[in-house]
Amino acid sequence: MPVVNRIAEFAEDMKTWRRHIHAHPELGLDCFETAKFVVERLKEMGVDEIHEGIAQSGVVAVINGQGDGPVTALRADMDALPMPEETGVDYASTVEGKMHACGHDGHTTMLLGAARYLAETRKFKGKVVLLFQPAEETIGGGRIMVEDEKVMDRFGVEEVYGIHTDPTREPGAMSSAAGPILAAADEFTITITGKGSHAAHPYRSIDPVPAALALGQALMTIPARNVNPLDSIVVSLTMVNVGTAYNVIPEVGTMCGTVRSFAPEVRALAQKRITEICEGIATSFGVRVDLDFELGYPPTVNHPAQTEFAGKIAQEVSGNVDLNRPPQMGAEDFSYMLEARPGAFFMLGQGGDYMVHHPKFNFNDDVAPIGSSFFVRLIETRHAL
């Protein structure tokens, strides 16, 4: 079956919701107005429970079905990005320097659409737990909800599912895969401290510049010379700040970057090699090298049985499904939810000329009913009466 008829009937309402959220972006954990809008809609729909202030501004809602049965969570992220908008649409961001450039406005709308239908029809047993989380783009609101707020235990969640928009695939196409689908994302900051001097007297200095150059080159050997080429890793040096003037040898330089990987042993190896390289550079160049290595989101790993099940639902709704989607190096804090409970993360194609995190990206409203229908059919099938 394609889009659920009832959801198609209120598709214009969903478009209105999405465009309101798009025009009022919020960042990180501070999604209070977005959460207020979500709560207002949920109250109108008549859901059974609404819990506010989860992970500061997150919302958890519960819809009861007919009698005892499974408990399944559906998740959407609410936060935007700190960047200017260049879409030119009449509902563009009203907040300077903030925009919904990753589709979270659409994700929230799709979950609201599913909530409206499920609260109206109740054609399922058990419970549905709706997770509207903040801070996916920053500190990991998903981690806070799972680890600090204990939402999986607190609400008795047994399985969890989520959707992310995908501009690389045609509108309505759905894709996923069992196993790793998105990477772990770790960050490092390296501070090199030497001794400054006049550029005419380098012998009076302990120059951090050649140390930084050598360190940068050495970091690039980790994927090429330390990791099996059949494994996947990306080491990117993204910021280098050494020096302020032509005629000054600086005292201090900083270097920052990211490491993306899938396998735990590869992730650990990268951290070990970066540590060893920093120690070696310090000895070789006589500088002090301080490394701050921050473990970020873990890899997003789909569970095989749940991926297969959700794939069948996606085929019913979309008719265009790829369950062999190659893993990608992006990261996602839905990973924490999949570590806590079995489930699956699916991509929903939306087409378009711009990738997410681009100032001209805009969610495609036409595919929102497909995402809502996927959620609804998943619940009605898993929680069949």
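Predicted model: local features only at pLDDT ≥ 70, side-chain atom pairs only at ≥ 80, totals over all residues.
Two residues other than glycine adopt positive phi values. Arginine 122 has a phi near 55° and is found in the loop that runs between helix H4 (104-121) and strand S4 (127-133). With a relative accessible area of 18%, arginine 122 falls under the 20% limit and is therefore classed as buried. Alanine 135, likewise not a glycine, has a positive phi of about 60°. The loop that holds alanine 135 lies between S4 and helix H5 (141-148). Alanine 135 is also buried, its relative accessible area being 0%.

A contrasting level of exposure is found at glycine 88. This residue is placed in the loop between strand S3 (71-77) and H4. Its relative accessible area is 72%, and because the threshold for exposure is 50%, glycine 88 counts as exposed. Between glycine 88 and alanine 212 there are 42 Å in space, taken from C-alpha to C-alpha, and a separation of 124 residues in sequence.

Zero disulfides were found in a search of the whole structure. For cysteine 102, which takes part in no disulfide, the nearest cysteine sulfur belongs to cysteine 31 and lies 13 Å away. Cysteine 102 is buried, at a relative accessible area of 6%. Cysteine 256 is likewise in no disulfide, and the nearest cysteine sulfur, that of cysteine 278, is 12 Å away. The relative accessible area of cysteine 256 is 15%, so this residue is buried.

The whole structure contains four aromatic pairs. In one of them, the ring centres of phenylalanine 346 and phenylalanine 374 are 5.5 Å apart; the planes meet at 40°, and the pair is therefore tilted. Relative accessibility is 0% for phenylalanine 374 and 1% for phenylalanine 375, which places both in the buried class. Phe346, Phe374 and Phe375 together form one aromatic cluster.

A charged group is also found over an aromatic ring. Arginine 41 lies over the face of phenylalanine 37, at a distance of 4.6 Å from the ring centre.

The largest pocket holds about 800 Å³ of space. Its lining comprises 33 residues, and those closest to the pocket centre are Glu136, Arg260, Gly330, Ala331 and Glu332. At least two lining residues come from each of strand S5 (159-166), strand S8 (184-193) and strand S12 (252-261). By residue class, the lining of the largest pocket is made up of 14 nonpolar, nine polar and 10 charged residues.

Methods. Residues numbered from 1 in each chain as written. Heavy atoms only, no water. Helix = DSSP H or I, 4+ residues; strand = E, 2+ residues; numbered from the N terminus. Buried < 20%, exposed > 50% of the residue type's maximum accessible area, 1.4 Å probe, protein only. Disulfide = S-S within 2.5 Å. Phe/Tyr/Trp six-rings, centres within 6.5 Å; stacked < 30°, edge-to-face > 60°. Lys NZ or Arg CZ within 6 Å of the ring centre and 35° of its normal. 1 Å grid on protein atoms, 1.4 Å probe; cavity = no way out; pocket = protein on both sides within 12 Å on 5 of 7 lines; lining within 4 Å. Points joined across faces, edges and corners; volume = space filled by probe spheres on them. Nonpolar A, V, L, I, M, F, W, Y, C, P; charged D, E, K, R; others polar.
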